[in-house]
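Please look over the sequence and the structure shown below before reading on. The briefing that follows takes up a few topics one by one, beginning with a question.

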Amino acid sequence: ANRSFQPDGTKVPLNGSMMGGNKILVIAGPCAVESREQIIETACAVKEAGATALRGGAYKPRTSPYSFQGFGEDALKWMAEAREITGLPIVTEVMDHNLVPLICEYADVLQIGARNMQNFTLLNAVGESQHTVLLKRGMSSTVQDLLMAAEYILQHGNTRVMLCERGIRTFETETRNTSDINAIPALKKLTHLPVVFDPSHATGKWEYVEPLALAGIAAGADGLIVEVHMEPDKAVSDGRQSLKPDGFKQMMERVRRVAEAV
Ligand code: PEP
Ligand code: MN
């Protein structure tokens with residue numbers, strides 16, 4: 001992962017563009033896939049606003065086992081339909097190494113969630129798959145821990161790895177997590193891998209998503225992953241931090257302006 005191996009930076013292909021290239025790429029969509037209609041409608045809305053890829057959880061890592069766990073393979077099928085309609089590639093979380101082959105059939109990018117950043121069996125499995133990976137930083141992991149987790153994937157010759165800063169746990173309770181903006185320039189200096197910022201999980205409140213998205217881009221992030229819901233009040237998970245399509249569209253315009261300015 002060390003930048004000295006690839007001084008010009010690794011570029012990861014995504015929908016005909018390059019994460020780590022000159023353009024800011026944005027992955028957007030709901031926290032969880034809730035229905036066929038929901039994911040298709042949201043995919044159309046985020047595409048219209050300029051998103052590069054569609055996110056959506058089919059298998060959800062919930063704090064409580066009694067919370068909604070995701071629609072599994074049905075959700076993967078609905079996302080594949082949304083991709084057919086919009087052309088947006090699919091980013092979805094894989095929680096279990098046994099599910100890597102199934103999820104590879106449907107998804108373009110395998111997301112490793114914060115809670116699994118050091119699930120080494122899973123990291124080895126996604127490394128072997130040679131599929132593109134979005135590796136999220138653990139909520140109590142250091143930048144060095146994140147880089148060593150990336151090594152588990154890279155050691156299999158899979159270099160299509162994007163790193164994601166998604167906020168860390170601190171003493172602060174006003175926001176869900178604390179955006180570690182420092183980590184963005186630090187990662188850009190230390191590693192050749194592209195860096196994605198997730199202002200949704202980093203803040204936990206939709207009204208802070210746009211300002212932090214802009215901060216992340218100003219700090220040097222190559223892209224963003226943002227939660228968008230048609231009706232956040234009715235979302236089964238993470239509604240509080242989800243932008244509506246209008247808010248997402250406005251964020252995209254301002255992201256473009258900050259990207260041009262830096
Ligand atoms: C998510 O992307 O919905 C998610 C669960 O993120 P994290 O793993 O960063 O908490
Ligand atoms: Mn979420």
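At roughly what angle do the axes of helix H1 and helix H2 cross? In this predicted model, the axes of H1, which covers residues 36-48, and H2, which covers residues 73-86, cross at roughly 35° and come within 9 Å.

**Two helices in contact**

- The crossing in which H1 passes H2 is right-handed.
- On the side of H1 the contact is made by Arg36, Ile39, Ile40, Ala43, Cys44 and Lys47, while H2 contributes Trp78, Met79, Glu81, Ala82, Ile85 and Thr86.

**The barrel of strands**

- Eight strands close into a barrel with parallel pairing, and their order is E3-E4-E5-E6-E7-E8-E9-E10.
- From one strand to the next, the twist averages 25°.
- In general, the strands of a sheet pair through backbone hydrogen bonds, and this pairing can be parallel or antiparallel.
- Strand E7 (residues 132-136) and strand E8 (residues 161-165) run parallel and are joined by four bridges, and one pair of bridge partners is Leu134 with Met162 of E8.

**Strand E3 and its two partners**

- Strand E3 pairs in the parallel sense with strand E10 (residues 223-227) over five bridges, and in E10 the residue Val226 is the bridge partner of Ala28.
- Strand E3 also pairs in the parallel sense with strand E4 (residues 53-55), here over two bridges, and in E4 the residue Ala53 is the bridge partner of Ile27.
- Strand E3 is mostly covered, since five of its five residues are buried.
- Leu25, Ile27 and Gly29 point one way from E3, whereas Val26 and Ala28 point the other way, and all of these residues are buried.

**A closer look at Leu25**

- Leu25 lies in strand E3, which spans residues 25-29.
- Why does Leu25 count as buried? Leu25 counts as buried because it has 23 C-beta neighbours inside 10 Å, and the cut-off for a buried residue is 20 or more.
- When neighbours within four places in sequence are left aside, Leu25 is in contact with Leu14, Ser17, Met19, Thr52 and Gly223.
- Leu25 and Gly50 are 25 residues apart in sequence, and the distance between them in space is 9.0 Å, taken from C-alpha to C-alpha.

**A closer look at Thr92**

- Thr92 belongs to strand E5, which spans residues 90-93.
- Thr92 has 24 C-beta neighbours inside 10 Å and therefore counts as buried.
- Not counting residues up to four places away in sequence, Thr92 touches Gly56, Gly57, Ala58, Leu76, Met79, Ile103, Ala107 and Gln111.
- Among these residues touched by Thr92 is Met79, which also takes part in the contact of H1 with H2.
- Thr92 and Val33 are 59 residues apart along the chain, and their C-alpha atoms are separated by 9.7 Å.

**Around ligand 1**

- Which residues are around ligand 1? They are Cys31, Gly57, Pro61, Gly113, Ala114, Arg115, Lys136, Arg166 and His201.
- This shell around ligand 1 divides into three nonpolar, three polar and three charged residues.
- Gly57, one of the residues around ligand 1, is also among the residues that Thr92 touches.
- Lys136, another of the residues around ligand 1, falls within strand E7, which covers residues 132-136.

Terms used. Residues are numbered from 1 along each chain as its sequence is written. Chains are lettered from A and ligands numbered from 1 in the order in which they are written. This is a predicted model: local features need pLDDT of at least 70, side-chain atom pairs count only at pLDDT 80 or more; totals for chains, interfaces and linings use all residues. A residue is buried if 20 or more other C-beta atoms lie within 10 Å of its own, exposed if 12 or fewer, and partly exposed in between; C-beta atoms are placed from the backbone. Two residues are in contact if their C-beta atoms, placed from the backbone, lie within 7 Å. A residue is near a molecule or strand if its C-beta atom, placed from the backbone, lies within 6 Å of it. Ala, Val, Leu, Ile, Met, Phe, Trp, Tyr, Cys and Pro count as nonpolar, Asp, Glu, Lys and Arg as charged, and the others, Gly among them, as polar. Axes are lines fitted to C-alpha atoms, for helices over the stretch in contact, and angles run from 0 to 180 degrees between N-to-C directions. A crossing is left-handed if the near helix is turned anticlockwise from the far one by less than a right angle, and right-handed if clockwise. Two strands pair if DSSP finds at least two bridges between them.
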